[in-house]
Each structure stands twice: as structure tokens, then as C-alpha cells.
Amino acid sequence: MTTQAARATDGLRITGLVKRFGDRTVVDDLDLTVHPGELVSLLGPSGCGKTTTLRMVAGFLAADGGSIEIEGKDVVGLPPERRPSAMVFQNYALWPHMTVFKNVAYPLRLRRLPKHEVTDRVEHVLGLVNLLHHRDSRPATISGGEQQRAALARALVQEPQLLLLDEPLSNLDAKLRVKVREDIRELQQRLGITTVLVTHDQDEALSMSDRIAVMNGGRIEQVSAPDELYTDPRTEFVAGFVGQLNSLPGRLVGGRLVPEEGLLTGVRPEDVRLIPVDEPGASAAGHAPQDRLRGRVVRVVPRGAFHELVVEVEDRTLHSLAVGQSLPVGQEVYVDLARPLLFRDGRRLQER
Amino acid sequence: MALPPIVLILVFVGLPIVTALLYSLGHTGGLNSVTATIAQHQHVATSWWGTLDAYREVLTNARLQRDLALTVTVTVVSTVAVMLVAFGIALYQRLSDSRLAKALAVLAIVPMFIPVVIGSWAILLFYSGTGFVRTALAQIGVEGPVWAYTQTAIIIGSVWTSLPFAVLMISSGVQAVPDAVIEASRDAGASLARTVWSVILPMATVPVIIAATFTAIGVLGSFTVPYFTGPNAPTMLGVDINNYFSSFNQPQQSVVMAFVVFALASVIGAAYVWANFRTAAKAVR
Ligand SMILES: Nc1ncnc2c1ncn2[C@@H]1O[C@H](COP(=O)(O)OP(=O)(O)O)[C@@H](O)[C@H]1O
Ligand SMILES: [Mg+2]
């Protein structure tokens with residue numbers, strides 16, 4: 001697939017990227033391709049190297065190895081001002097001594113565009129992010145959400161070949177975050193900008209991305225579409241990081257757990273079904289009672305549309321989701337585990 | 001609660017200023033009578049508010065005019081030099097974490113711990129006819145300059161003594177500019193030089209102005225450096241004030257010169273007040 005033609009149309013192609021701080025390898029032989037117009041999230045826990053990767057793409061950090069191509073052009077040797085990317089910083093990094101208009105106009109002024117063109121383009125972009133009424137405000141006088149949009153406008157006005165977003169929503173309150181992430185996604189799709197989004201928030205990644213690259217310890221564990229990532233995780237880490245996972249040692253054989261060295265079974269909470277032992281016909285369903293996992297409800301956590309039930313099975317706890325009717329605490333239940341994910345030494349074994 | 005400090009300031013700052021002002025206008029009685037009995041060449045008040053004769057004498061004296069010009073020149077040149085060097089060091093320290101940058105910043109602070117008299121003598125010896133500079137240059141067959149007892153030595157000494165405070169002040173301002181706003185500027189397409197001009201300098205304006213006003217006022221009224229390292233004539237007003245007061249026994253002329261320096265300092269002080277006002281205005285938001 002890596003023909004010259006395919007290369008040229010790639011938005012961003014990272015190959016074998018390495019970064020070391022001292023003797024610590026923070027980004028370890030990382031490969032990632034982002035197609036034109038696509039939004040790919042780098043998702044991973046804090047400290048896994050997401051920001052470091054993004055900063056190497058933007059040019060703020062020198063890579064210790066590997067190549068970074070934007071629209072087919074290697075940018076590794078270029079300083080940030082010569083790269084065709086634009087970044088939205090986590091804390092927005094607006095210039096406090098300039099008005100919103102001047103912040104957004106700055107990149108265009110640097111390009112020595114005629115004054116009327118600068119004004120037109122800045123006003124157009126401020127319109128896109130709905131900030132025209134604050135064109136003459138200083139950053140300190142507008143809200144966090146508005147600052148975020150000003151920072152986005154400053155990146156968009158450059159019409160970059162690649163848009164880089166580093167945790168762009170982490171400084172917003174929960175409600176605004178949901179709205180802004182929809183706004184950003186809508187704008188990104190409308191303008192068709194190739195985008196890399198860094199986040200540690202799986203909801204953010206799942207709701208905004210075309211594809212998600214899950215990072216762990218400086219490496220990418222899996223790159224998949226959001227749905228696939230959840231239903232078809234390729235490693236135990238991905239399964240555990242994206243969505244909730246009950247991890248049980250051993251493998252499931254006929255409804256019971258059979259211990260086996262190096263094997264681990266993961267079950268999503270919605271795949272944990274609880275059947276009260278005193279329910280008529282409970283024992284008749286499926287296997288014989290002695291072959292079934294049996295447990296007791298120890299906690300019920302209301303989650304709005306559903307309940308999360310914590311069940312003690314033998315000496316471990318499982319999480320289960322119950323839509324509609326919940327079960328009382330103390331209820332003895334049979335536990336049926338559906339759609340198990342089997343891992344050997346952290347890697348998925350069978351396809352589902 | 002605020003009363004004791006106010007009284008203290010009125011007695012120890014306000015009262016001397018008022019009596020000195022009255023004396024410069026020729027009011028030789030009252031608190032000024034003791035000074036006035038032994039002073040020479042006094043101008044005595046001719047109307048109820050006094051006389052400007054003493055000011056006229058000082059400001060029309062050709063020698064003092066030259067000294068005033070020298071004072072202003074030294075102040076302007078030294079302040080500009082201090083600002084350039086201090087901003088350069090602060091910037092270097094901000095943008096590089098090399099040892100050299102750190103060493104330079106520490107070195108710039110050292111004069112703060114050396115008394116001005118000792119520093120002045122060191123500068124004098126360094127640039128004297130038989131000093132280090134000429135001796136070292138002579139080794140390679142070059143005739144070095146003699147800067148001891150020249151205006152240049154005063155400027156070098158003024159820069160030397162003013163640099164530590166300016167470096168501390170400006171460094172703290174430049175250091176407070178976050179990485180992200182600098183990177184955002186580069187990301188937007190600005191070179192490093194353009195980033196310094198359009199982002200770092202404007203964001204450090206207030207400390208730069210404060211450092212500049214303190215430096216200028218300090219140099220303007222300096223005595224030790226010009227007294228030790230400068231020429232006998234022309235010299236700076238600080239030295240003249242001392243000469244007129246203790247050698248020539250003309251305290252009234254001294255006081256007049258002091259008010260001239262004070263007037264110049266007030267103009268500079270206005271910049272300082274304006275900078276502080278800007279800070280306060282920002283804090284309110
Ligand atoms: N300049 C640096 N010097 C040394 N270590 C660093 C530096 N920047 C980041 N690190 C380390 O590299 C690791 C990855 O950091 P980062 O990329 O910021 O993680 P993330 O963005 O995924 O939370 C962290 O352990 C961090 O402490
Ligand atoms: Mg980060």
C-alpha cells in the first residue's frame with residue numbers, strides 16, 4: 001500500500017518516531033497515518049507520550065529518530081514556523097496583550113497579506129467560531145469557552161494542512177465540553193481539515209474521532225474506528241482503557257472459570273447478566289446450577305438511565321449494568337458471562 | 001492606624017523638602033538660619049515668595065550647564081545600555097537552559113554584592129594608563145584606550161552598578177512569559193526574533209519600564225561612580241552638589257542643583273507611576 005501515489009495523498013505520516021529524555025524512551029518507534037480530512041485521536045493515560053508526540057509533529061521538540069511527513073513532505077528538519085501545521089494549545093496560549101482580532105490576525109500579518117484580506121479572513125473565521133462580538137476584547141476578559149474558540153480561530157485562519165489539538169477541552173467545565181467537542185467536530189468535518197487530537201478522555205476520543213490510536217508507554221497499541229476499538233480490542237490494555245472491563249484470570253469453560261497460566265478473560269459490564277437464584281426457572285436456564293458462577297449483589301450505583309451493580313463472585317468483584325429494574329443489595333444471583341474477550345499475556349487470542 | 005507612618009514621612013521627608021525648597025528660593029530664616037549664617041554667595045528673598053536668583057545663577061553657569069548635559073547624557077546612555085544588556089541576558093536565560101546562560105545571569109548579579117566604592121576603584125584600575133586593559137593589549141602590540149577619569153568610565157561604572165537590579169527585575173518579567181505563548185507565536189509562523197519583539201517584550205513591558213526608571217533615577221543622582229571614576233570637569237551634578245556644599249561652602253547652589261535633579265527624576269518617575277498603574281489596572285480585571 002505504500003506506493004508513491006498513496007504517500008502523496010496522505011495527510012500525516014509518522015514512521016518510526018522516537019523520543020528519549022535522558023535514558024527514558026518516551027516515544028518508542030511510533031507509526032501513525034492520518035488520511036486527508038480525517039480526525040485521529042491519540043488516546044492514552046497521562047504520561048504515555050501523547051503531548052511529546054504532538055510537539056514533535058508541531059516542531060517544538062526534536063525527534064531522536066523517525067520521520068514525519070505532512071502532505072508528502074518531510075518536516076523533521078523544519079522549525080515550527082516553517083511547518084504547515086497549526087496547533088491549539090491546552091491552555092489556549094492566547095497573547096494577553098492583543099485583542100481577539102489581533103490574536104487571530106497575527107499569523108496572517110506574519111504572512112504579509114494585504115490589510116483588507118487579513119480583516120476579511122479574520123472576520124470570516126471569527127464568524128465560524130461565533131466570536132465576532134468579541135473581536136475587540138482582550139483574552140482575559142472573555143470566558144474559557146470563548147478563549148478556546150479564539151485559539152481555534154487562530155489555528156483555522158492559517159488554513160493549515162494539519163490541525164493539532166492538545167487536550168483542547170480539558171480546561172472547560174463538563175457541560176461546555178460536550179458542546180464544544182461537537183462544535184469542533186462539526187467544523188473539522190465541514191472544513192475537511194486533517195486533524196490530530198490528543199486526549200486522555202475516552203468519551204472525547206470516541207465521540208469526535210474517525211479513528212483512535214490508543215497509546216500506552218510510548219507505543220501505539222491499536223488504531224481503530226471508535227466502535228471497533230470497543231468491540232474488538234486487540235490488547236488487554238485497550239480493552240481496559242476504552243470502556244469498562246471485568247478482568248478474570250483463566251478461561252471460561254461452560255460458564256465456569258478454569259484457571260490457566262497467562263490467560264485472562266475480559267467481560268464488559270453489559271455482558272454480565274445477573275439472574276436471581278430464586279427466580280422461577282433460573283436454574284433451568286443454561287447449565288446445571290453447580291456449573292454456574294454464583295454471587296451476591298453488594299452495591300447498586302444509580303447511573304441515570306441504568307444501574308451499575310457490583311457483584312461479589314467467590315473472592316472477586318464484577319461490575320454489571322442493569323437497564324430498567326435493578327436488584328436489591330444482598331440478592332443471590334447466578335452470573336452469566338457473554339461475549340468473553342480472551343487474552344494471553346495481554347494480547348487478544350481469538351476473534352469474536 | 002496609618003497615622004504614625006504618615007507623621008514619620010512628613011517629619012523626615014516632607015519637612016526637609018519644604019525647608020530646602022524655601023532655602024533655594026532665598027528664605028534664609030527659621031530652620032534655614034543656621035546654614036544661612038555660614039553660607040557664601042547666597043541669594044536672599046526679595047518678595048513674599050522668594051527669588052529665583054539662585055536658580056538663575058546655577059542654570060546660567062556655563063560649567064554647570066555642561067555638567068547638566070553630561071549628567072543627562074550619562075543617564076540616557078547608561079540606561080539604554082543597561083536595558084539592552086539586561087534584556088539580552090534575561091532573554092538568553094529564558095530561551096536557553098545552557099550553563100552559560102545560567103552563569104551569565106549569576107555573574108550579572110555579582111556587582112550587587114560589591115560596594116560601589118570598591119567597584120569604582122576596580123574599574124578605575126582596570127582602565128587606567130597602567131591598567132589591565134592596556135597591559136593586556138600591550139602584550140599583543142596594541143595601544144589600548146585610557147578610560148579612567150573619562151565619561152566612558154562613568155558610563156561603565158553606572159552600567160556595572162545598575163545591572164544587577166535590572167537583570168533581576170527584567171528576568172522575572174521575561175521568565176513569567178509562559179512557554180506556550182512563545183510556542184504559539186512560532187507555530188503561527190513567527191521567527192524567534194519576531195516572537196521576542198511581538199510577544200515577549202510586550203508581555204514584559206511593565207518590569208522593563210520599572211527597571212528603566214529605577215536605573216535612570218539611580219544614575220541621575222549618582223555620586224560615588226562619577227566622583228571616583230569620572231573627570232574633574234565636566235562632571236555629574238551629584239559631584240557638583242557635593243563640591244558646592246562642602247568645598248565651596250555654597251549650600252544654596254547645592255540645593256538648587258538637587259531640585260534640578262529632582263525635577264528630572266520626577267519626569268522619569270512619572271513613567272514608573274504609569275507602569276504601576278498599568279499593572280494595577282490589569283490586576284483589577
Ligand atoms: N522535557 C521533558 N524532560 C523530561 N521528561 C519529559 C519532558 N517532557 C515530558 N517528559 C516525560 O515524558 C513522559 C510523556 O510526557 P507527555 O508526552 O507529556 O505525556 P502525555 O501528554 O501523554 O500525558 C512523561 O513521563 C513526562 O514526565
Ligand atoms: Mg499531555
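# Reading helices, loops and a ligand shell

User: What pattern does chain B follow, read along the sequence?

Analyst: Chain B reads α-α-α-α-α-α-α-α-α-α-α-α-α-α along its sequence. Helices here are DSSP runs of H or I with at least four residues, strands are runs of E with at least two, and both are numbered from the N terminus. By that count chain B has 14 helices and 0 strands. The C-alpha trace of chain B spans about 70 × 65 × 30 Å along its principal axes. This is a predicted model: local features need pLDDT of at least 70, side-chain atom pairs count only at pLDDT 80 or more, and totals for chains, interfaces and linings use all residues. Residues are numbered from 1 along each chain as its sequence is written, chains are lettered from A and ligands numbered from 1 in the order in which they are written, and side-chain values use heavy atoms, with hydrogens and water left out.

User: At what angle do the axes of H4(B) and H8(B) cross?

Analyst: Axes are lines fitted to C-alpha atoms, for helices over the stretch in contact, and angles run from 0 to 180 degrees between N-to-C directions. In chain B, the axes of helix H4 (residues 62-95) and helix H8 (residues 151-175) cross at roughly 40° and come within 7 Å. H4(B) is therefore oblique to H8(B) (under 35 degrees is roughly parallel, over 145 roughly antiparallel, 65 to 115 roughly perpendicular, and the rest oblique). The crossing of H4(B) past H8(B) is right-handed, a term for a near helix turned clockwise from the far one by less than a right angle. Their contact has 20 nonpolar, 8 polar and 1 charged residues. Ala, Val, Leu, Ile, Met, Phe, Trp, Tyr, Cys and Pro count as nonpolar, Asp, Glu, Lys and Arg as charged, and the others, Gly among them, as polar.

User: How do the axes of H5(A) and H6(A) cross?

Analyst: The axes of H5(A) and helix H6 (residues 174-191) of chain A cross at roughly 15° and come within 11 Å. H5(A) is therefore roughly parallel to H6(A). H5(A) passes H6(A) in a right-handed crossing.

User: Which residues are around ligand 1?

Analyst: A residue counts as near a molecule if one of its heavy atoms lies within 4 Å of it. Around ligand 1 these include A:Phe21, A:Arg24, A:Pro45 and A:Thr52. Strand S2 (24-34) and helix H2 (50-58) of chain A each give the shell at least two residues, and H2(A) supplies the largest share, 3 residues. Sorted by class, the shell has 4 nonpolar, 5 polar and 2 charged residues.

User: Which backbone atoms lie 2.6 Å, 3.0 Å and 2.9 Å from an oxygen atom of ligand 1?

Analyst: A polar contact with the ligand is a pair of N or O atoms within 3.5 Å. A backbone N or O atom of A:Gly47 lies 2.6 Å from a ligand 1 oxygen atom. For A:Gly49 the distance is 3.0 Å, and for A:Lys50 it is 2.9 Å. The protein covers 60% of the 560 Å² of accessible area that ligand 1 has on its own (Shrake-Rupley method, 1.4 Å probe).

User: Where is B:Pro234 placed?

Analyst: B:Pro234 is in the loop between helix H12 (224-229) and helix H13 (237-247) of chain B. A cis peptide bond joins B:Ala233 to B:Pro234, with omega about -5°.

Note on methods
A polar contact is a pair of N or O atoms within 3.5 Å; within protein, one must be able to donate a hydrogen and the other to accept it, and residues adjacent in sequence count only if both atoms are side-chain atoms.
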